[in-house]
Amino acid sequence: MKISITMRTKAKYIFYCNASKSTGLGHLSRSLNIARQISVLSNSPKVYFYGNYDLFAEQKISFYSFKVLKELRDAENTTIICDSYDFSQQHLLNLKRAGFKLCVIDDFNQYNFDFVNLLINFRLNADSFYQTANPSCLGVNYFSFSPELVALRGEKLALPYKNEIEKVLIFIGGYDAFGVGVKVIAALDQVFTGIDFTLIDKQKPQLNVENNKVEIVGFTEDISSYFTDSDLIISGGGLTKYEAGFCLIPNCSISQTREQHQDTLELAKNNLTYDLGLAEDASVDKLNQGIASFIKQKTKQVNSFVETYNTYSTRNLALEIMKV
């Protein structure tokens with residue numbers, strides 16, 4: 001890491017995260033949501049991204065008119081928002097000593113260091129399990145949602161709940177490590193007849209669907225456009241289960257990691273998702289049984305969505321970051 005410091009007075013924000021086939025897109029997606037909100041709230045801020053990005057990720061960053069830095073510099077009046085599971089304590093300390101102010105998104109209590117300016121954990125009930133003496137933003141009142149999803153939540157809140165399922169969205173994540181999307185489609189094809197499935201998957205796998213229609217989307221800048229008409233969402237264990245619930249859309253989760261599964265179980269206890277288990281253990285039969293069971297009780301989730309999620313959570317988080 002090369003760091004050089006020059007004096008600047010204008011506030012600058014650098015989002016330090018990685019996005020590739022191996023890391024997925026979750027960290028980048030939530031960072032982009034915060035960056036877009038800061039751009040709205042601040043008076044012509046300078047907002048940049050820094051990290052290891054593949055072409056797909058760079059396209060997402062440029063789509064929102066943000067630039068990728070090749071090196072970290074200009075630490076004066078600059079806040080770095082760190083979002084990765086791979087930072088060491090020494091690496092973060094080096095950034096702090098170089099003069100950067102540090103906001104760290106910390107999903108699993110890895111980075112609770114006394115030199116961090118703001119710690120962020122927006123998992124459900126984070127305030128009950130994340131103990132810190134540092135300034136912090138804990139819980140879903142600080143969750144990062146895109147402006148499109150905020151608008152969609154407003155629309156959903158104003159409409160009566162639609163009980164019928166006509167369209168199902170399947171999005172396992174930026175990278176479906178276990179190829180579970182194909183199994184989910186096969187299970188859905190056994191549960192439903194005559195409805196539309198949309199699978200978002202960069203790999204565009206071969207599918208055999210007999211009883212329904214399916215569309216495969218390999219690349220999209222705005223997943224929220226597919227949320228609008230979806231009556232059910234089946235996702236990986238990452239951000240999408242939060243996003244679906246925020247938009248009042250019944251959802252199931254099939255987690256790709258054990259850490260994600262731990263979070264999924266917490267949401268499931270609060271009727272905010274339905275747990276379909278770990279992707280590595282998935283079979284078509286298990287998914288069939290789980291989805292069929294969920295359909296009978298999906299309406300229980302809607303009241304929980306309304307009561308738990310905060311329409312202004314991204315704004316709340318952006319304001320706290322800007323105070324740093």
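# Rings, helices and buried residues in a predicted model

Me: In this predicted model, the charged end of which residue sits over the ring of Phe56?
Reply: A charge counts as sitting over a ring if NZ of Lys or CZ of Arg is within 6 Å of the ring centre and within 35 degrees of the ring normal. Over Phe56, the charged end lies 4.6 Å from the ring centre. The residue is Lys202.

Me: Which residue lies over the face of Phe246?
Reply: The distance from the ring centre of Phe246 is 5.0 Å. The residue is Arg153.

Me: Are helices α1 and α2 roughly parallel or roughly antiparallel?
Reply: Helix α1 covers residues 26-41 and helix α2 residues 55-63, and their axes are 11 Å apart. The angle between them is about 10 degrees. Angles under 35 degrees count as roughly parallel, so α1 and α2 are roughly parallel.

Me: Which residues of α2 are met by Leu28, Ser29 and Leu32 in α1?
Reply: By class, the contact of α1 with α2 has 4 nonpolar, 1 polar and 1 charged residues. On the α2 side, the residues are Ala57, Lys60 and Ile61.

Me: Is the aromatic pair of Phe113 and Phe115 stacked or edge-to-face?
Reply: The structure holds 17 aromatic pairs. For Phe113 and Phe115, the centres are 5.5 Å apart and the planes 15 degrees apart. Planes under 30 degrees apart count as stacked, and the pair of Phe113 and Phe115 is therefore stacked.

Me: Is Phe113 buried or exposed?
Reply: Phe113 belongs to one aromatic cluster with Tyr16, Tyr50, Phe87, Tyr111 and Phe115. Its relative accessibility is 14%. Under 20% counts as buried, so Phe113 is buried.

Me: How many residues apart are Phe122 and Phe143?
Reply: The rings of Phe122 and Phe143 have centres 4.7 Å apart and planes at 50 degrees, so the pair is tilted. Phe122 is in the loop between β8 and α4, and Phe143 is in the loop between β9 and α5. The pair links distant parts of the chain, and the separation is 21 residues.

Me: Is Thr264 buried or exposed?
Reply: Thr264 is found in helix α9, residues 258-269. Not counting residues up to four places away in sequence, Thr264 touches Gly237, Lys241, Ser253, Ser255, Thr273 and Asp275. At 0% relative accessibility, Thr264 is buried.

Me: What distance separates the C-alpha atoms of Glu76 and Phe100?
Reply: Glu76 is in the loop between β5 and β6, and its relative accessibility of 33% makes Glu76 partly exposed. Along the chain, Glu76 and Phe100 are 24 residues apart. Their C-alpha atoms are separated by 6.9 Å.

Conventions:
Residues are numbered from 1 along each chain as its sequence is written. This is a predicted model: local features need pLDDT of at least 70, side-chain atom pairs count only at pLDDT 80 or more; totals for chains, interfaces and linings use all residues. Side-chain values use heavy atoms; hydrogens and water are left out. Axes are lines fitted to C-alpha atoms, for helices over the stretch in contact, and angles run from 0 to 180 degrees between N-to-C directions. Helices (H or I, at least four residues) and strands (E, at least two) are DSSP runs, numbered from the N terminus. Angles under 35 degrees count as roughly parallel, over 145 as roughly antiparallel, 65 to 115 as roughly perpendicular and the rest as oblique. Contact means heavy atoms within 4.5 Å. Ala, Val, Leu, Ile, Met, Phe, Trp, Tyr, Cys and Pro count as nonpolar, Asp, Glu, Lys and Arg as charged, and the others, Gly among them, as polar. Buried means under 20% relative accessible area, exposed over 50%, partly exposed in between (1.4 Å probe, protein chains only). Rings of Phe, Tyr and Trp (its six-membered ring) pair if their centres lie within 6.5 Å; planes under 30 degrees apart count as stacked, over 60 as edge-to-face and the rest as tilted.
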